[in-house]
Each structure stands twice: as structure tokens, then as C-alpha cells.
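Trainee: I'd like to learn how to read a protein model. Could you walk me through one?

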Amino acid sequence: MAIIGIDLGTTNSLVSVWKDGHAVLIPNQLGSFLTPSVVAEENGEIWVGAVAKDKRIRKPEQSAASFKRFMGTMYKSSLGERWYSSQELSAMILRQLKRDAEEYLGEQVEEAVISVPAYFNDEQRFATKQAGLLAGLKVERLINEPSAAALSCRNLENEEDESFLVIDFGGGTLDVSVVECFDQMIEILAVSGDNKLGGNDFDKRIAEHFCREHGLEYDHLCQQHRLELLKSAEWCKRQLTEKNAGMMEWDSPDGKKGLIFTSEDLIRVSAPILKRMEEVVGKALRDASISIGEIDKIVLVGGTCRMPVIRQYIHHFTGVEPVLAANPDEIVAIGAGTYAGIKERREEIRDVVLTDICPFTLGVGVWDESSHELMLSPIIERNCVLPFSREEIFEPSTQTQTKVNIKIYQGESMYCKKNLFLGKVDLEIPPGDTRNRLVTVRFTYDINGILEVEATNLVGQKAREVIINSGIRMSEEELNQKIAQIKELKYVSRDEEKNQFLFARAERLYQESLGEEREVVMRNRQWLDSVINGKNQAAIHAAQKQVGQVFDYLEEKLGLGEL
């Protein structure tokens with residue numbers, strides 16, 4: 001039974017599998033490798049992907065997107081009258097990808113390797129695994145997105161030593177990795193990232209600039225108008241990947257508004273975003289103790305890296321001309337599929353070794369008398385190669401203690417209150433002088449991101465805990481209940497989604513075209529409707545294909561494209 005690799009993205013998600021000696025992307029029911037990470041509800045039915053993205057513009061209160069940014073939190077989004085956590089919404093995406101994979105492979109799929117941003121903390125990683133469980137997938141292994149990209153970019157037959165910088169800029173997150181390759185070893189030296197920075201931030205900057213130029217307050221617009229503006233901003237941004245100027249238009253309640261937006265405008269309004277990107281790259285290089293002159297190449301992956309302004313700015317502050325990976329949207333998914341093949345011990349790649357690292361410092365809180373605050377005492381520092389185990393010796397803060405409460409934190413601040421609290425371990429300590437009351441604390445962090453903490457006193461008593469955030473952890477009963485709820489949701493059929501997707505394209509093309517092209521759109525839409533009403537499945541499939549080809553031709557002729 002195959003293990004699939006999944007790139008669970010903020011904007012789009014993809015699924016792949018190791019097949020015939022290489023990782024293969026799996027198309028969804030619409031024939032695309034990219035499935036928009038959008039979920040919508042209408043008339044009691046759940047829509048996932050391209051159609052849900054279209055419905056979000058018209059009925060934003062019944063849809064959810066960009067929920068990856070809230071993974072590992074208690075934040076919930078509404079679909080109509082029901083509220084869902086980010087892991088539940090992600091489970092709906094994963095369930096759809098699982099269905100697509102089973103359709104493609106002709107067999108059941110039970111296990112997946114899922115990519116996550118390198119800078120995801122323990123809560124976010126646990127929530128991702130939980131989303132997999134809710135979707136009916138066993139997820140033993142998460143792979144960092146830039147590590148997956150490195151696995152894709154590295155020619156596995158090339159045994160020459162090389163070092164490269166992978167900049168993975170997606171729709172909602174930025175990850176940077178310093179990678180060293182030799183023989184069949186791919187070693188991650190350091191990672192850095194920003195989980196709140198991505199292509200969506202450029203869209204917002206463009207939309208805000210548009211509002212300022214027209215005397216509008218972006219934050220005062222209703223949700224639907226903001227989404228309309230963001231869609232137009234995204235289209236304008238895509239135009240700027242091909243030319244030096246793009247047009248942004250919006251049918252506002254008081255008339256149509258437009259604005260020509262140039263590459264210079266984009267650089268100006270996006271300066272804070274570009275500066276944040278530069279800081280992340282600098283941090284990764286410093287942590288790896290390597291200079292940009294020692295890097296053989298800079299590889300760009302992720303859809304946002306298609307923007308010329310990104311490549312130009314990286315060249316500006318590094319002095320190195322970066323290389324845009326072929327199909328940058330797909331690189332991480334290919335890497336996840338490759339790692340799935342490694343996990344399956346496929347002969348072609350079973351000797352490939354990918355090392356990964358701990359992205360954050362892990363430590364315990366110790367009381368500081370001068371500041372009267374808990375300070376972080378690191379045990380495993382960031383960028384240690386996994387798996388990693390280390391112990392430190394601590395002493396109680398007072399002579400009268402009969403028990404120690406060891407609090408575990410993740411983060412880089414010296415103050416525990418500014419770091420992420422992961423959990424605690426309680427241990428009895430014997431009476432006596434200080435030397436007899438010392439406690440040894442061992443942290444063991446494995447390749448799957450599981451932290452085990454063991455505390456031992458001098459008389460041999462031990463306390464051991466696997467640290468999992470209690471705020472988002474479900475009991476076995478709650479988990480089974482949620483799995484049943486996800487399964488019971490009424491998902492639309494594959495054919496119905498194809499029909500709705502074509503209807504949405506027809507509506508968009510009708511609005512954008514004039515004269516003869518508009519008549520062609522209308523005739524094809526009406527003909528498809530009549531064929532569907534005839535309920536002949538063979539005829540419906542043939543009509544879907546023919547209408548899709550007509551719309552492809554019109555979109556190319558009109559210079560339009562799918563967003």
C-alpha cells in the first residue's frame with residue numbers, strides 16, 4: 001500500500017507518490033495538480049478546492065481560507081452556522097487529496113508524509129498530525145518544507161559536494177534553509193523562517209495602496225469587498241510577473257475603479273515585506289556559520305518566488321543571482337513524495353539520507369531571584385541535528401522543596417513568558433543538603449518532532465513525559481467523535497464539482513468578454529446544462545471535456561488565467 005506525500009499549503013495543496021523510480025504529482029478531479037486550500041459550505045454540502053475558492057468571493061461567510069496560519073491555536077472559522085478549528089478544515093483538504101490519490105492509484109491510502117514550514121512550533125506540528133488523523137491518514141513523519149525542496153532540487157545521482165540556500169516563499173509562510181550535499185547525504189545545517197509572511201501579504205499591500213489612491217479605508221470595507229479587492233490584487237501581482245505594469249480593477253458599489261500598478265510601485269509598497277525576508281535569510285546564514293560566498297547556489301521555490309521583485313531583491317542583498325526552480329509551486333510536493341519513497345524503502349532511493357534539525361531552542365524555566373522571573377535554561381539549542389538527546393543538572397530553588405515542577409519551553413527569548421510553554425514534569429526530591437537534591441533532566445527530540453522529557457533524582461526516582469500541548473490535544477473519545485463528524489459531512493461528487501467549476505468559469509468569462517466571445521460562452525454553458533439534465537454519464541464527461549477546451553482557448557485569447 002503506497003505512502004503519499006502531501007504539501008499542505010496556505011494557498012494551494014498538492015499530493016504526490018513515488019512511482020516508477022521518481023515522485024509523481026497526482027491530479028485532482030479537475031485535472032490540476034494544485035488544489036486551492038479553501039473550504040466552503042452550501043446547502044449542507046462541503047466544497048473543497050477551486051469551486052470553494054470561487055464561492056468564497058460570493059459568500060465569504062460560508063467559506064474559509066488561509067487557515068494554515070492558525071494551526072495549533074484555538075482559533076475557529078465558520079462555515080455557515082458551524083465553526084471549525086484549523087486542523088478540522090485542514091482535514092477536509094487532506095481528505096480530498098486522499099480521495100484524489102485513491103482514484104489515481106486504484107487502491108486505498110492509509111499513510112502520508114506531510115510537509116510543514118520549518119518554523120512551525122510543536123503545537124503547529126501536532127495540529128498537522130491531528131489533521132491527518134481526522135482525514136483518515138496515519139502521519140508518522142512530517143518533513144520541513146525547505147528540506148523537501150532540497151530533496152527535490154538535489155540531483156540524487158549527482159555525488160558532487162555542494163552547498164545551497166533554499167528560499168521557500170509560499171502564499172502564507174517563508175522558510176529558509178542552508179543545505180549541504182555530499183554522496184547520498186542531504187544535510188540541513190540551519191533553518192530560519194517567518195510563519196506570518198507570504199504572497200498573501202503582497203496582495204494585501206497592493207489592495208491597501210489601491211484604496212489609498214481612491215480615498216478608501218481598506219479596514220473599513222466589508223469582508224466581501226475586501227475579498228474582491230484581494231482577488232483583483234492577486235491578478236495584478238501575477239501580471240507583474242510577466243511585465244512591468246499591471247491593471248487592478250474593482251467594480252465598487254459606486255462604480256468601476258481602476259489603477260495602473262508598476263513594478264516600482266510594488267517595490268515601494270512592499271519594502272517592509274522585503275526587509276523581513278532579508279532578515280530571515282541573514283539569520284539562517286549566521287546560524288549555519290557560513291558566508292554567502294561559500295554558497296554554491298541560491299534556489300527559489302514556492303509560488304511567491306515567481307515575482308521578479310523577489311529575485312531582484314535577493315540578488316541585491318546577496319550579490320548572487322538566484323535560480324528559480326522549475327515549477328516552484330510543485331517542488332515541495334515532489335520532495336514529500338520522494339521522502340515517502342524513502343520511508344517505503346524503495347530500492348532506487350533507500351540509501352539516500354536526509355538529516356533534519358530542531359528549528360527552535362528547547363529548555364526549562366529556572367527562577368531568577370534578581371528579576372523575579374522564570375528564565376530559559378536551554379537544553380537542546382536550535383539547529384541541532386535530529387534525533388538529539390542531552391541532559392543537564394539542576395538544583396531546587398529552595399531548601400524546603402519536596403517536589404520540583406519542571407516547566408518546558410520552546411523559543412529563543414531569555415524570558416520564559418515570551419516563549420511557548422509546552423508542558424511540565426513533576427518529580428519528588430529527597431530531603432537533605434543541596435548535593436543530594438540535584439535533579440538530572442534529559443531531553444530527547446526525535447526525527448518526528450516528538451519531545452520526551454525524563455527527570456531523575458539522586459535516589460533513582462524518575463518521571464517521564466512525552467510533551468504534547470494539552471490545549472489542542474483531544475482525548476481518544478473526542479478524536480474518534482471528530483473523525484466520525486468529518487466522515488459524515490456531505491461532500492459533493494467529483495462530477496458535480498467539475499460541473500460547478502465549469503459554470504464558475506463561464507460566469508467569469510462572460511463578465512470579461514464581449515460580442516462573439518460572450519455568445520460562445522453562453523451557448524457552451526447552456527449546452528453543458530442540457531447535457532447534465534440528460535443524466536447520461538458518458539455524454540456528460542464528453543461535454544465537460546469539450547467545454548473545458550473551449551474555455552481554455554477563450555482564456556488564452558483574452559489573456560486571462562485561473563487565480
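This is a predicted model: local features need pLDDT of at least 70, side-chain atom pairs count only at pLDDT 80 or more; totals for chains, interfaces and linings use all residues.

Trainee: Sheets, please. What holds the strands of a sheet together?

Mentor: Strands in a sheet pair through backbone hydrogen bonds, and the pairing can be parallel or antiparallel. Here, seven strands make an open sheet, and the order across it is β18-β17-β12-β13-β14-β19-β22. The pairing in this sheet is mixed.

Trainee: Which strands stand at the edges of that sheet?

Mentor: Those are β18 (323-324) and β22 (385-386). Each has a single partner strand, so one side of each has no neighbour in the sheet.

Trainee: How does β22 pair with β19?

Mentor: Strand β19, residues 353-357, runs antiparallel to β22, and two bridges join them. To find one of the spots on screen, go to Asp-356: its bridge partner in β22 is Leu-386.

Trainee: Now the other sheet. What is its strand order?

Mentor: Four strands form this open sheet, in the order β21-β20-β24-β25, and the pairing is antiparallel. At the edges you'll find β21 (373-380) and β25 (420-428); each has just a single partner strand, so one of its sides is left without a neighbour in the sheet. On average, neighbouring strands here are turned by 35° against each other, if you ignore direction.

Trainee: How many bridges join β24 to β25?

Mentor: Eight, and the two strands run antiparallel, with β24 covering residues 403-410. As a landmark, Gln-410 has Leu-420 of β25 as its bridge partner.

Trainee: Okay, helices. How do I describe two of them packing together?

Mentor: Start with the angle and the distance between the axes. Helix α5 (residues 199-213) packs against helix α8 (residues 271-288) at about 160°, and the axes are 10 Å apart. An angle over 145 degrees counts as roughly antiparallel, so that's the label for α5 and α8.

Trainee: Which residues make the contact?

Mentor: From α5 it's Asp-201, Phe-202 and Arg-205, and from α8 it's Pro-272, Ile-273 and Leu-274. Sort the contact residues by class and you get four nonpolar, two charged and no polar ones.

Trainee: And salt bridges? How do I spot one?

Mentor: Look for a side-chain nitrogen of Lys or Arg within 4 Å of a carboxyl oxygen of Asp or Glu. By that rule, the count for this model is 32 salt bridges. Let's pick a group: Glu-111, Lys-138, Glu-140 and Lys-343 are linked in a salt-bridge network.

Trainee: Which links involve Lys-138?

Mentor: One is with Glu-111, at 3.8 Å from N to O. That pair connects distant parts of the chain, 27 residues apart: Lys-138 is in strand β11 (residues 138-144) and Glu-111 in strand β10 (residues 111-116). Lys-138 also forms a salt bridge with Glu-140, where the closest N and O atoms are 3.9 Å apart.

Trainee: Where does Lys-343 come in?

Mentor: Lys-343 forms a salt bridge with Glu-111, with 2.7 Å between the closest N and O atoms. Since Lys-343 sits in helix α10 (residues 331-343) and Glu-111 in strand β10, the pair ties together parts that are 232 residues apart in sequence.

Trainee: Is Glu-111 buried or exposed?

Mentor: Glu-111 is buried, with a relative accessible area of 11%. Lys-138, at 42%, is partly exposed. Glu-140 is partly exposed too, at 37%, and Lys-343 also counts as partly exposed, at 28% relative accessibility.

Definitions and conventions:
Residues are numbered from 1 along each chain as its sequence is written. Side-chain values use heavy atoms; hydrogens and water are left out. Two strands pair if DSSP finds at least two bridges between them. Axes are lines fitted to C-alpha atoms, for helices over the stretch in contact, and angles run from 0 to 180 degrees between N-to-C directions. Angles under 35 degrees count as roughly parallel, over 145 as roughly antiparallel, 65 to 115 as roughly perpendicular and the rest as oblique. Contact means heavy atoms within 4.5 Å. Ala, Val, Leu, Ile, Met, Phe, Trp, Tyr, Cys and Pro count as nonpolar, Asp, Glu, Lys and Arg as charged, and the others, Gly among them, as polar. Buried means under 20% relative accessible area, exposed over 50%, partly exposed in between (1.4 Å probe, protein chains only).
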